[in-house]
Amino acid sequence: MKYLYLIFSFCLLLSFNNLQAQDWAPVDVGINGTVYALCAANGVLYAAGNFTTAGNVFANNIASWNGSTWNTVGAGLNYPPGNASSALCEYNGNLYACLGDNPLMYWNGTIWDTAGTHRSE
């Protein structure tokens, strides 16, 4: 039983040390609003929600993080206040944004375009 206690204590100590080694780090100066959706696509992290700036750049409700700086994603996402993007996903190289009751939008790397309509029945 003594050996079992020593093994358990050793495993617990290793787990605790491993947890201490993992720290959260700020992503630049952050975003000035609320982020509702995150998506990693093509090596870039996208954040969408209700905000106007990310880091020190104008970001109309969506921004991308390349690992060192925030960037705009085209002209951003326009939708009525309080109707923020609730989901982001990547499919076939395009980034899709679900905008509540508004049309599904996709970013093809150059512009945002309508992918279809959202139906809530």
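The model is predicted, so local features need pLDDT of at least 70 and side-chain atom pairs count only at pLDDT 80 or more, while totals for chains, interfaces and linings use all residues. Residues are numbered from 1 along each chain as its sequence is written, and side-chain values use heavy atoms, with hydrogens and water left out.

The protein chain contains one helix and ten strands. Helices (H or I, at least four residues) and strands (E, at least two) are DSSP runs, numbered from the N terminus. Along the sequence, the pattern is α-β-β-β-β-β-β-β-β-β-β. The protein chain has 121 residues, and 29% of them count as buried. Buried means under 20% relative accessible area, exposed over 50%, and partly exposed in between (1.4 Å probe, protein chains only). The accessible surface of the protein chain is about 8,100 Å². Carbon and sulfur atoms hold 59% of this surface. Accessible areas come from the Shrake-Rupley method with a 1.4 Å probe; for residues, only the protein chains shown count as cover. Contact means heavy atoms within 4.5 Å. Among contacts between residues at least 6 apart in sequence, 25% join residues at least 24 apart.

Four strands form an open sheet in the order β1-β2-β5-β6, with antiparallel pairing. Two strands pair if DSSP finds at least two bridges between them. β1 (34-41) and β6 (70-72) stand at the edges. Each has a single partner strand, so one side of each lacks a neighbour in the sheet. Neighbouring strands of this sheet are turned by 30 degrees against each other on average, direction ignored. Axes are lines fitted to C-alpha atoms, for helices over the stretch in contact, and angles run from 0 to 180 degrees between N-to-C directions. Seven bridges join β1 to β2 (residues 44-50) in the antiparallel sense. C39 has Y46 in β2 as its bridge partner.

N61 lies in the loop between β4 (57-58) and β5 (62-65). N61 counts as buried because its relative accessibility is 11%. Not counting residues up to four places away in sequence, N61 touches A47, A48, G49, N50, F51, L77 and Y79.

Three aromatic pairs occur in the structure. W65 and W70 form a tilted pair, 5.3 Å centre to centre with 55 degrees between the planes. Rings of Phe, Tyr and Trp (its six-membered ring) pair if their centres lie within 6.5 Å; planes under 30 degrees apart count as stacked, over 60 as edge-to-face and the rest as tilted. Both W65 and W70 are buried. W107 and W112 also form a tilted pair, at 5.6 Å and 45 degrees. Both W107 and W112 are buried.
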